[in-house]
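Thank you for having me; please bring up the sequence and the structure, and I will talk you through a few points slowly.

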Amino acid sequence: MTRKFEYAPAPESRSVVDIASSYGLFIGGEFVDPSGGKSFKTINPATEEQLADVAEADAADVDKAVRAARRAYERTWSRLSGAERGKYLFRIARLLQERAREFAVLETLDNGKPIKESRDVDIPTAAAHFFYHAGWADKLEYAGLGPSPRALGVVGQVIPWNFPLLMLAWKIAPALATGNTVVLKPAETTPLTALLFADVCQQADLPAGVVNIVTGAGATGQALVEHPDVDKIAFTGSTDVGKSIARTVAGTRKRLTLELGGKAANIIFDDAPVDQAVEGIVNGIFFNQGQVCCAGSRLLVQESVAEDVIHRLQRRLGTLRVGDPMDKNTDVGAINSAAQLARITALTAAGEAEGATRWSPPCELPEHGFWFPPTVFTGVAQTHRIAQEEIFGPVLSVLTFRTPDEAVAKANNTPYGLSAGIWSEKGSRILAMADRLRAGVVWANTFNRFDPTSPFGGYKESGYGREGGRHGLAAYLDTEGTH
Amino acid sequence: MSRLEVRKTYKLYIGGAFPRSESGRSYEVMSSGRAPKFLANAAQGSRKDIRDAVVAARSAVKGWSGATAMGRGQVLYRVGEILEGRREQFVAEVASSEGLTRPQAAKVVDAAIDRWVWYAGWPDKLAQVLGNLNPVAGPYFDISAPEPTGVVGILAPQESSLLGLVSVIAPAIVSGNTVVVVASEDRPLPAISLAEVLATSDVPGGVVNIVTGRTAEVAPWLAAHRDVNAIDLAGATAVPWGELEAAAADTVKRVVRPAGTGTDAVEPDWFATPDLSRTRAFLETKTVWHPKGQ
């Protein structure tokens, strides 16, 4: 057994961020009280400590936000040159970089993810997303989307809680670069970095109404999706909600892009670099506590090396540090909410009930907050719920295969098609496998890589439309000419 | 003495064969224009015919999407060649189906032939035009390329029985998708004659499947079918297209709405040179990350 080194606690200071006791809605460039006067609490999932009271937007507030966005689109934003629009986005990118530590600490407090992830992945990638899209604003005619791509108008965006600021950046940066104005609803459990982003918009002197942020739960999102003056809906979240949004939008002329769930296969061939693959498996399913739509939640390992890979994986999991997300040495933080913890608990119980073998490394979980240990299921059949349903937690289901054909068949045997991983030292095998996997993103000898230039999005029931890269611009542009 | 013509029996086109509807039903097809006359009895396809057609389409995906891009281009060009050879037949059929004069119908047929030629040039350019290398900030070769979405359901335009039909089939199959087409309800005959062209043009059986019948009856089954990846509602002009789009939501289908504004659905001008919007609608983008190292 590899020994886990004992480290002294290395907590990040939270003094860098000021959290207000209550927040209003960000509409028309300023914070306003919700018309119904309702609010909800957001908590630190690692401690259950209450962080702030956040306004709950109702249909009237959403209407107000959409009007502000429409006004900003007609009077200001659509009249600006692409170059000037781009300069605002460059400003925002710089402001995010300048205030990176503040955002990282706030993200970890509100979401429960380890500070090293919010500091090294979420915030820098969010800033990079704005920087990348800033440069597109005056170059859209070079994007290969037809000779005269046009903005759509007002865009409604609904984002999840797993990467709160990063998902905001994935939504807002391309929408603004292509000339649209935005009403964004953050997830109800993680509204704080979006509200801090409103402050960044003010610092950037972004014209009032170009970005509006309405906090709330499902009803707020539904009001936004149903609003008749919204030209486009962009949604990231569960497949069930995505389908219901698609039904709501059906029969209107609203455009829609969906980034939904996944059940990615991470495929390990017998010629894979094993230690590297084990790191990739760990990153694939335990990054962000497995609360990642593209998580490598199904490990497909070639039968001849299965025992060795699982042994090494278990040894590696014994060294993972689970606990205080604010500690710089923490690998696995808190589950985002009690509801999510309940879902993970229910699905893992189903895994056991259906006959799979459950294993977790010995680890002490904090007394307060929402915690789930890294968990591996072996002896999993394709029909088991833990092999079919998205768990969205630190739970890996292990299946085996003998031939590449069998690996492809099993990998594709799900209604999802978001991502996949392939581990092999043989380049020709990687490329042939990549061709046959029905997934929008395929990582070879790596996993969970994201870049603003690289399109992300799914096949099948994982959604449609892409985010990032040249392809992501199409989601926010009217490029249609004839038929 | 004039000779009595030998009439054609119009059937369905599924998996490269021409079966009758499993339901045994048919319906009367009349000519358009001031004095409608009887043209033929078309097969009235059923839910089961749609499902058979989807099975045929699914089984053809692997071969067609796995063919070389250049090969698909040659097959599409071949369709144009064979259609050209049957030009006179189609002029007569389009004239009676759409109530056009012969010169008007000839224009339609010529445009339909040229449309195949336009698309024949596309398969081996799509990946170059729609794909690219992504300059990610790290040691990775990162490439995005288009892939066909799979099986596409198509409600063919109701008015434009040949040019409109070709204009919705070609952009789906050009990239390797296979299709299940519900032909124009009142003008289905050119679609079945086109099937005869496809059957003799090296288009593998199952790549294009054509069902004639009542749009309102069969379209909901196609829209809700779990093994259909996308649906083109071009021909949903007399049925509530919003309901079909909603039925497609349960399987997260890619949907092409009919032209028009609001709930109104109209047919576009099929004579206009197409752009890539229909082709794109039935493509997925796959991004592959591969590390660079020693």
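UniProt, in an unreviewed entry, places the feature "domain: Aldehyde dehydrogenase" at residues 31-479 of chain A, where positions follow the numbering used here, feature names are shortened, and annotations may be inferred rather than shown by experiment. Over residues 31-479, chain A is 41% helix and 17% strand, with the end C-alpha atoms 35 Å apart; helices (H or I, at least four residues) and strands (E, at least two) are DSSP runs, numbered from the N terminus.

Please keep in mind that this is a predicted model, in which local features need pLDDT of at least 70 and side-chain atom pairs count only at pLDDT 80 or more, while totals for chains, interfaces and linings use all residues. Residues are numbered from 1 along each chain as its sequence is written, and chains are lettered from A and ligands numbered from 1 in the order in which they are written.

Let me turn to one residue, Ile233(A), which lies in strand E10, residues 232-236 of chain A. Is Ile233(A) buried or exposed? Ile233(A) counts as buried because it has 24 C-beta neighbours inside 10 Å, the cut-offs being 20 or more other C-beta atoms within 10 Å for buried, 12 or fewer for exposed, and partly exposed in between, with C-beta atoms placed from the backbone. Leaving aside residues up to four places away in sequence, Ile233(A) touches Gly156(A), Val225(A), Ile245(A), Val249(A), Lys254(A) and Leu256(A), where contact means C-beta atoms, placed from the backbone, within 7 Å. From C-alpha to C-alpha, Ile233(A) and Val183(A) are 9.8 Å apart in space, although 50 residues separate them in sequence.

Finally, chain B has 10 helices and 10 strands, and buried residues make up 54% of its 294 residues.

Conventions:
Contact = placed C-beta atoms within 7 Å.
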